[in-house]
Structures are given as structure tokens and as C-alpha cells.
Amino acid sequence: MKRYMVVWVGMFFVVVCVSLYLMMETVSSNMGKSSDINTVLIEEKIAKIKSDIHKNKNLINDIKDIVRKMTRGDREAAEKLEKVLRENLNEEEEVDKPQVQVPVVKADIKSPDVKSKGAVQVSEKTCGLAEGPNANSDVQMLQLFDFLKFDNPDGGAWKQGWPVTYEKDRWGKDNVLHVVVIPHTHCDPGWVKTLNDYYHQQVKPILDNMVIKLEQDKRRKFMYAEMSFFSIWWDEISEEKRERVKKLIANKQFEIVTGGWVMNDEANTHYAAMVDQMIEGNQYIHGITGAKPESGWAIDPFGHTPTMAYILKRSGFKNMLIQRVHYSVKKHFAKERSLEFMWRQNWDYGGATDMFCHMMPFYSYDVPHTCGPEPAVCCQFDFARLAPSRYSCPWSIPPKAIDDNNVAKRAKMLIDQYKKKASLYRGNVVLIPLGDDFRYDKLEEWDKQYNNYQKIFDYLKKTPELGVQAEFGTLSDYFNKLYEVTGTAKGSRPKDFPVLSGDFFTYADRDDHYWSGYYTSRPFYKNFDRLLESTLRSAEIAFTLAKAHQDKHKMVNLQSETLMKQLVDSRRSLGLFQHHDAITGTAKDFVVEDYGRRLLTALTDSKKVIVESIAYLTAKKDYKDKVEHMFNLDESREHHDSLPEKNVIAVSSDPVVVLFYNSLGHAREQVVKIHISSPHVKVTDPNGNTVATQTDPYWIDKEEASLERYKVSFVANVPALGVSRYLIKEAKDNQKNVHSQITFYSSEAEITDQGPFHMKTESLGDFTLETSRLEAHFTGDTGLLQSVTMKSSKKTYQSTVSFQSYGARGGKEKSGAYLFLPDGGARILKGHGVIRVVKGPVVSEVTVFMSHVQHVVRLHNSPGTDGLTVDIYNLVDIRDQTNFEMGMKVSTDIKNKDREFCSDLNGFQMQKHKTLDKLPLQANYYPMPAMAYIEDDEHRFSLLTAQSLGVASLKQGEIEVIMDRRLNQDDNRGLGQGVRDNKLTPNRFRLLFEPRNSPVVKEKTDGFPSLQAHTSYLHLIHPLLTIPQREGEKTPEVVPSFSALETPLPCDVHLLNLRTLQGKPDSNVDKYKPKKEAGLLLHRLGLDCALPNSGLQCKDTQGKIAFGDMFKDFKPSKITETSLTLLHEKESISPETSVQLKPMEIHSYRVTW
């Protein structure tokens, strides 16, 4: 023991001496210079001292920890101590070394070596999901797809089914069939009309009529889903009418189902935006009426995801309903009487996330397809079609008004359909929706439907021998009756009901009409969606931190209500775009433009919130009231459909401040790029060190560079949930600023040096881009990527990139906004134009100018995650084409058996798919909101995407994506037009190649990204945000570095959001007054640990989070665990308590500052 104490005291003495020496050296380095020292320089030196103190504090803590282990007999501790000392001594030696002189222009630029962080050691507990068995379920959709024939025989009256029969004595006085008829309306917040046009012309009358007609008879029920419309109506109605609505809700005559801002799409949406629009809608309806939705209603999204089931379950919902599922799947489930099931997540072994789900069995959600299997009969009971009417029955048998003379006959006809439908389910309760798109907008429709049905219900009540009791109800009424009849607790599994896991993509409504086209339609706006989602999240977090800082220090100069209004408006614009006819790209052109204008306003407002909040957080105490207009936005857009234009920073001999904001919970070290007015610059980091930089041309044409604008790249280091300040000034003698060299292939122009850049032409030939971690090999014929070599393993991966197109097949049915109906296999696009290669020590890139696409492959010489991926940027332009769908394919030497591949569901989880020959090509396409990968026992190739697109693996070793589609015709799904409003569309990807440490678990039906892939994806969609000093302003007085976290989050914990709660939504006084309360959402990621990681600045804590140690400057006074929508409180948590987050789970808390 004494020996170890001697070691500890000796080590402590050494560290203290080194620390004192370094501090004195830093201070004395400027002694004797002019007394008029720039305050910025002083700050840099102070920051350097603080940095040294922090480093040595960490070193002391490490030594203390190791010595403790030595005292406990840890035999490896001595080796660890030696390693820690060696690493730190080497680091100090590097500091003392003279700076390497780098000439401005070199004959051959070679990327300098960069040191990446070591691999993060992840515990076995963190990795259990990827290595464990599949979830225990009765029905696994991946296996069911193998089993089903996907044939389509004519089923008679029920075209996609069979002639349904039932035993005549099954129901009677002693065994009653309970029928719940659910009047509803489906209101699209934009489709063939804009949100506002729909509201004024149809939705407002529906809601006005609802109040009048429900009050006339307490037996009447109605339900409604979309809060985007409801909020407009609520703002317009009187207080007296509001009270009447609240009474109808309290009486359970009027139910809000789902209660999201919209009925969101489930294929293209990202789970963060899905949760966000659910929070916005549920918080809104609860704030104005006190209602808490409990049943999910999704009748129109084009396919369904288990992610939605998870979100609803964790939001406190008990049950849900879905409709648009492949007709063959519906038929199979109907035959097995499995249309109601517990929907279990693939990764949930114990069933804690099981959600009770009802699947509608027939073609559509309209009245002809909801009362039973025979639409010609059901249409006769859609009394809105009673003449005179704007509706009619396509089967030419009109409805008849119910009276005393025909009620017996008509009732028997109707309950025959009810009983046939009930025979497809296991319970003695049957759900009968009664509605359609924008129904009940006329008062007479309410009377026709309710009065005629009530006469039938009254007759059935008087005739118990028919064995049917029917009444109006809501969705929750139906589920509650089912739980009652089966003797089941709410939300639990009724006896003998199946458990299902998997997803319901790709949807087909008939024949080979697969709805895989909308996975890509209008990709410009799919890209815009992700950009707004990321920017809004960053704004939410920055504002919450700034507001908490303001409240703690009792300051009043943050314009919190103005910023809160911008946030609320932006939340609602993003929420609106999650609608199943918005992000899907399936609305009329002018409706898309309306969405686009809203997205642009929201993006601009979100950036303003970021700029104001970050300026406030980083300003020195005495300057917090002076920073409002000192910083600028990093880019601007002239129109919603134009590409962003980066703002140029005018540099001079006076330093310009640029802030980099990292909204993620772990530190980041990666390449950043800013646009500047001079090619000769000097960049200084927060510690006062000069940073190695690379200046590139700004291209105004393929072969012409601007002489007034340039791009400078360098590696920035930004703390977790923090900001770093970099200083940029013009400096022609900076040896650390290198100008890139440019080579052109296939150029017919006479190339000469332009400005400070050396440019040359070469004949076609294979070439290579190289960093200290990667080599990318390109063919000289096309300039396209051929292979990638990982230098750490010396392994070369085939990665042949090609571009291809699909046409639209002939005949009556053709591709449109929804459907993908190709005219055969893909055709490779050949021919290329100029190939431009830019090489430098920080960034190297190849640009290929082809027909329809400008293709850029970029390598970053970075110690962070961006140094291990190949960055691809495609600028797609197919505006001159007809019935043309353009894709990119990456061909590898991965041997994925059975053409199995994994694509993500909403960026939340991975789902395995198999390419099946029995299905047409379009059926083998799936949504890819975030990533897809193929793998064999030795390697994995992942394609990460910054926008949602359609993906497939049609051949072994290949992944292909559709990047844009232009269709000249409507596909007969109601839109009434083709897709011809294409834009110049950016697509961004990253390619990641990883070795496997162990073989693939063959029987797994799902998958998990590696920690490297997760982090790379988060860095792709949440880039470091640039906040430049506004031109003409004096240098802002800001701190060199800021982090809101005392302890960075663990590697596998993602800060999903930190969202300030709004005041009372319908109050004129408090509407935009922020509460001193925020919603904190943490998502613990699921990992596959059979793949290595590198370049990460985080640790594995096995999911443990200590709230008391989380935030640096302000501590929460109260923490309450809640449901996802923050409505249902679970338990109060002490700020000093550590909590255990479960892999894959999203944990939500209300935090009071």
C-alpha cells in the first residue's frame, strides 16, 4: 500500500510541476510586447491556460482511478498507468516541437496524417439486442412474405377476398354481436387544395355542424383527427362555443383520435418529426380542452410502420387502427382471423411495447368498403348518397330512406354484412366506420346518416332474436367494448389473439400496383424536410438553454416571446409537412408550393432563433444585451424551390468571429467549410492556435473559378452541446494555409492557372484520392468511384458507382406520384462530360458532369467520423425528360445471401428485407428515410442518406436508390396530375465500409447499425451550424468556447430534443409565453457491436444518465418522467439520481429549471 501511495504522490508532483511550467510559459510568451494587447489575443491565452488546467485535471483523475485499482490488486493497472503517462508525455512533446513550414503551393499535395480517437469499448449489455434472438411473435412479416403467393384471383363481390359465409346460429339472444358504427371524416391538410382552402370550404363547416348536430341527440358520436385544421377553427370560434365543445368531449360524444398535428405518413417520415408533430398536436388539444387522446387512427397512410405503434404506445395510447396494407396480406389475415393483433417491436423480447392493433379488412375506408365484404350492398347504406346528392353508388343501386315499412328488410340486409365482417375477427364486437374524405360538411348529410341509422338501431334493439346490438360510437368505444366482451384490461392482449412483428411495406391496393413511387416523389422537398427538422431541433435546444440561462441570472434582454412564436410556428409547419400527402410528394403542384413557402419561413425563423440564442449564450456577461444583431445567418434562399446560397465572409486584417454550434450530446471533430472573400486566410481556434486550412476555388462554371469568392476548409473541434469560436482574418504569409490543386480530365478548354490555384489538364486514366485513413480509386473513363481502401486494414472494397434510369410502362396503368410501374429493368446512363479533381490536405473531391447529374465524391482528411466515410453529393436535373426515373447504384463485392438487405424504418430501427423473384421489381423497393446496408460474414456496406428515398437490392452486392422521378400522367389515385414540377435537386449520401468481427446472425429478422454508422448518420443530418459575424459589426465579445453539458452524453444516447413548453395555446396573453419547463427526450440507440468504431469522442456508460451532472450552468429543480407526448406523468425523479436508459427506447422527461 505504501509503495502505491509513493507512486501516487510522485505522479501528482510531476503533473503539478508540468502544469505550472506550461501556464508560466504561456503567460511569459507575450511579455515585453506592446502594452496595447488585443483583447482577443489575451482571451486566447487565457483559454489556452484553462485548456491546460482541464487536461491536467483529467490526467490527475485518471491517475487517481488507476492507483485505486492498483490498491485493489488490479494487475493490469500498472500497464494502464504507464500508458496514460506515455500518451500525455508524448502530447507535451508535440506541443514543444517547432511548427512544420507548409509552402503555399506544392508540386504534389499529400494529406497529412491525422490522429483519430481510439475505439470506444462498448459493454456486452449494450450489444445484446443485435446478438440475441428474434422477438417472440406468432406472425413475422418477413417470414410471411416468403410464404404468401401474392396471387390475385377474383373473389367475387369481395374482389380481393372470397365469398364470405357464417353459421346462421352463431349470433342470437344469448350470444350478441356488438356493432359500433363510427361516424368520421378524413380531412387532408393539403392534397388537391391547400390547407387554407380546405379549411374555409369544407373543414370549418364540418366542425361547425358537429357541434350543432351532436347536441341534438346524446346518442350521436363523432371523431376527428387533424389538429392542424382544428387549431384554425378553435382560434375563430367564441368562448361560448369552446365550452360546448369541451362538454361534448367530456360526454364522450366527440373524440379526438391520435391528435397529431396531422395524420402523418409512415414511410418517408423521420421518427424525430413523427414524435414532434405528435407532441405539438397532443399538447395543443390538451392545453385547450384537457383531452388526452388514447386511440390511434391511421386510415390513409400508404403502408404502416411499427415505429408508429411504438410512438403511440409510449405516448400513453392503448389501441390503434390501420388500413392501407397489401391486399394479399389482408386476405391472409382475414382467413386466419388475425386482423387484430398485438404489434410487437422486432427488438422487444418481453412485449413491453406491444400495441393492440385493428386492421381494416377491405379495399378502402369509404362506406362501400367498411360495412362488410360486398361494396354494392354497403353503398346502399351510405345515406349521404340519398337523392338529391352530389354522391352516387357506382354499382347503380342507390340507398333507400329507412321507414317503418322497409326497416326490417333493410336491417337484415345490413346485419348480414355486419356478421360477414365479424366472422373475419375473433371477438364478438365489430367496427363499422361511417365516413370518407371531407364528409359531413353539409347539415343534410348529418341528418341523413344519423336519422336513418338510428331507425335501424332502434329496430335491432326491439328484435333481440337477430342477435345484433348496434349504436354510434367512437374508436375508443369500440376498443373498450372489445376489452369488456373479452374480459381484457385496456391495452392488453385478449386471449388467443396473435402477436405480430414486422412492417407493412410495400403497399399494393390491387394487381401489381405497388405504391413505391412516393418513396422518392418530389425529392427536393424531402431533402428540405430533413434540413428543417435538423435546424428546428437545433433551435429548440439553443432556445431552451438560453431561456434557462436568462431565468437563472434574472436577465430580461432575451426576446423570449418573439423567439417562442417563431418556434411554435416552425413546429407546426414541420408538423404539417409530415402529412401523408405532403412529404410523400403526392399533392397538386400549387399545394406543394404552399408547403414549400411554409417550410422556407420555418427554416429562416429557426435559424434566427439559433443565431439569437447562441449569441446570447456565448456573449460575455456585460454584453448580453448587445449581441442581438452581431451575427448573421450562414446562408439564404431566394425562394422555397431554390438552392441555398452561402453568405460570403468578408475578411481583412481584423479578425472576424465565426461560431460553430454543435447540437449533439458528444464532442465533434470534423471538417467545416465557409465561404470567404480572399484566398489568403489565417484561422485561429478557441485556444489561440493557428489551424491548418485549405483554400479551394468557388466555381462559377465547370472550368471557371471566381476571383472574388473562395472556400476555406479546416478541422473544427466543438464540445458537446456547445459552441466554439474561431477567428478568421486575411493573411498572405500564413504557412498553414494551403491552396488546392486542380486537374481536369476530358476538358476541351485551354486550362491555365486561375488566381492562386494551379490548374492543369490530363488525358484519361485511372486516378486516386487519398487521405490518411482512406483511398478512393476512380476509373479514368467515367471519373466514377470504383473501390475504397481502408488504410488501417489495407482492405480494398469494390464500390462501383453507376447511374441508371427507369421508364414508365405502356398501357392504361402507368407510373405516377404514388405508383412505380417501370417498363422493365434499369438502363445504365452512359457518357460523361468534364471530370474535375481537386486535391488538398484537408479535402479532396472529384466532380463529374454527366447528363442529368452533377456528381461529387468527397474525402475529408479528418480524425472524426467524416474521415472514415466517402461523401457523395448529387445535383440531379431531369427537368427535360419524360417518364424518366433516375437512380444511383453502388455495386460491391459483398455476398448478401438471398439478396437480403436492411433498410431503416423512420430512422428509428432497421428492418430486414429479401428481394423476391415472385414479386415484380417495384414491389422489391422499400422506403429508406436514413440508411440501408448489405453484409456478409466478413464485411458490411452501409449507404447513409440525408433525405428519404426508395431503395432496393435487386442483385447480390448491390444497393440502388431512386433519386428523382418525372412522370407525365396521373396514376388514377385521385391526384389528377403527373409529377412534372421537378427542381434542381440535391441528394447527399455517405458510404461506410466496415469489417465484421463475427459472422452475421442468419435468423435475425431485423438489424442494427454500428456505433460508427449511428454517429456518422447523426453528423450527416445534424451538421455543425455556422454562425458568422455580421459584416460591418465590431468584433463581438464572446467566450472562446461554451458547453451546456457538465458531462457529455454516452456514445449510444442521442439527445432527441430539448423543447421548451408553450404557454396556454388559446390565450391571447400567454400564448407565446414560454414555460419554465421543457421536454427532454433521450433515445438510447440499438447497436451491432460486431463492427469496430473510431474517431468518436464519447464513452459507454451502459445507458446510465445522471441528471445532476448533465447540465453545467443550470441544474433542473424538478424532473418528471412522462409519456412521449409529455402528457402522462409516470414518476418524479430526483435531480441527483442516475437513471438507466434501455436500448432502443426513447425516454421523455418534463424538466423544470
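Where does Asn972 lie? Asn972 is found in the loop between strand 40 (958-966) and strand 41 (985-995). Helices here are DSSP runs of H or I with at least four residues, strands are runs of E with at least two, and both are numbered from the N terminus.

Before I continue, a word on the model. It is predicted, so local features need pLDDT of at least 70 and side-chain atom pairs count only at pLDDT 80 or more, while totals for chains, interfaces and linings use all residues. Residues are numbered from 1 along each chain as its sequence is written, and side-chain values use heavy atoms, leaving out hydrogens and water.

Let us turn to backbone angles. Most residues other than glycine have a negative phi, and most peptide bonds are trans. Asn972, however, has a positive phi, near 60°. Phe438 also has a positive phi, near 55°, and is placed in the loop between strand 9 (429-437) and helix 14 (443-462).

Are these two residues buried or exposed? Buried means under 20% relative accessible area, exposed over 50%, and partly exposed in between, with a 1.4 Å probe and protein chains only. Phe438 is buried, at 5%, whereas Asn972 is partly exposed, at 42%.

Next, the peptide bonds. The bond from Ala387 to Pro388 is cis, with omega near -5°, and Pro388 sits in the loop between helix 12 (375-378) and helix 13 (407-422). The bond from Phe505 to Thr506 is also cis, with omega near 0°.

Finally, helix 18 (residues 589-618) contains 30 residues. Because 21 of these 30 are buried, helix 18 is largely enclosed by the rest of the structure.

Notes:
Expected span 1.5 Å × (residues − 1).
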